[in-house]
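Subject: Structure handover and notes

Hello,

Here is the structure we discussed handing over.

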Amino acid sequence: MLEILYQDTAVVAINKPSGLLVHRSPIDKHETRFAIQLTRDQIGQHVFPVHRLDKPTSGVLLFALSSEVARQLTEQFTAKQVAKTYQAIVRGHIEDSGVIDYALQAQWDKMTDAKVDPDKPAQDAVTHYECLARTELPFPVGRYNSVRYSLVSLSPQTGRKHQLRRHMKHIFHPIVGDTSHGDGTQNRFLRDQFDLQRLMLHAGRLSLKHPVTGKPLDIEAPLSDDFKLMLEQLELVTAQAPSE
């Protein structure tokens, strides 16, 4: 059973687990479980997707319960009227706060993005970040005698493909567990030492205007047990918070 974070006559929001696809994809033909179908079966009615989360990302996933509500919500996302906040564990000690303003080239896949122009100019992409905690552990990895990690809050102002993962790589603080844009040496160490099995990226909050009432709607998703366990193992729960 999926965790339902919010539900009324217009929308439903779930806490998507890491590893669950939002919908069918030719890239993962072997998958048989999808968030759309599982949510539909659980609440007993059709749901309409209005945004997406990558398969390895957990957190708030919102569905509309009618095509009209889906259209209205899609307009909010397109107009950048929806605020999204993520939590991530990244390599290294990141600065207290900052803005990543770095345009991203469109990423395309031969199977799913056949109509995407590979020569399309890079699109603007902006991410705000804030450090929540830092840690340093006495494990030698690579050429260093210790490992450093940070827990960060990420707020994307644009919605480019893999934006957060690519932006964190760009500033040399890749997200832990990222097999596409991360640090393979760190990932192997964390897998061997702490049984890391997932991308440490969680969509913790979605803030928007309710499509029917027009009132502010804030939906929050608690961290999963495996994410909280990793925080404990890396001592990020009680780690030194950044200076004011």
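Predicted model: local features only at pLDDT ≥ 70, side-chain atom pairs only at ≥ 80, totals over all residues.

Residues are numbered from 1 along each chain as its sequence is written, and side-chain values use heavy atoms, with hydrogens and water left out.

Aromatic pairs

Searching the whole structure gives three aromatic pairs. Rings of Phe, Tyr and Trp (its six-membered ring) pair if their centres lie within 6.5 Å; planes under 30 degrees apart are stacked, over 60 edge-to-face, and the rest tilted. Helices (H or I, at least four residues) and strands (E, at least two) are DSSP runs, numbered from the N terminus.

Phe 139 is partly exposed, at 24% relative accessible area, whereas Phe 189 is buried at 13%. Buried means under 20% relative accessible area, exposed over 50%, and partly exposed in between (1.4 Å probe, protein chains only). Phe 139 also pairs edge-to-face with Phe 194, at 5.9 Å centre to centre and 85° between the planes. Phe 194 is in helix α4, 55 residues from Phe 139, and is buried at 12% relative accessibility. Ring pairs join Phe 139, Phe 189 and Phe 194 into a cluster.

Cores

A nonpolar core is a set of buried Ala, Val, Leu, Ile, Met, Phe, Trp, Tyr and Cys residues joined through side-chain atoms within 4.5 Å. The largest has 28 residues, of which Phe 63, Leu 154 and Leu 201 touch the most other members. Elements giving it two or more residues include β4 (58-64), β8 and β9 (201-209). A second, separate core has 18 residues, among them Ala 133 and Leu 190.

Strand β9

Seven of the nine residues of β9 are buried, so this strand is largely enclosed by the rest of the structure. Strands pair if DSSP finds at least two bridges between them. β9 runs parallel to β4, with two bridges, and antiparallel to β5, with six. Five bridges join β9 to β10 (residues 216-220), also antiparallel.

Regards
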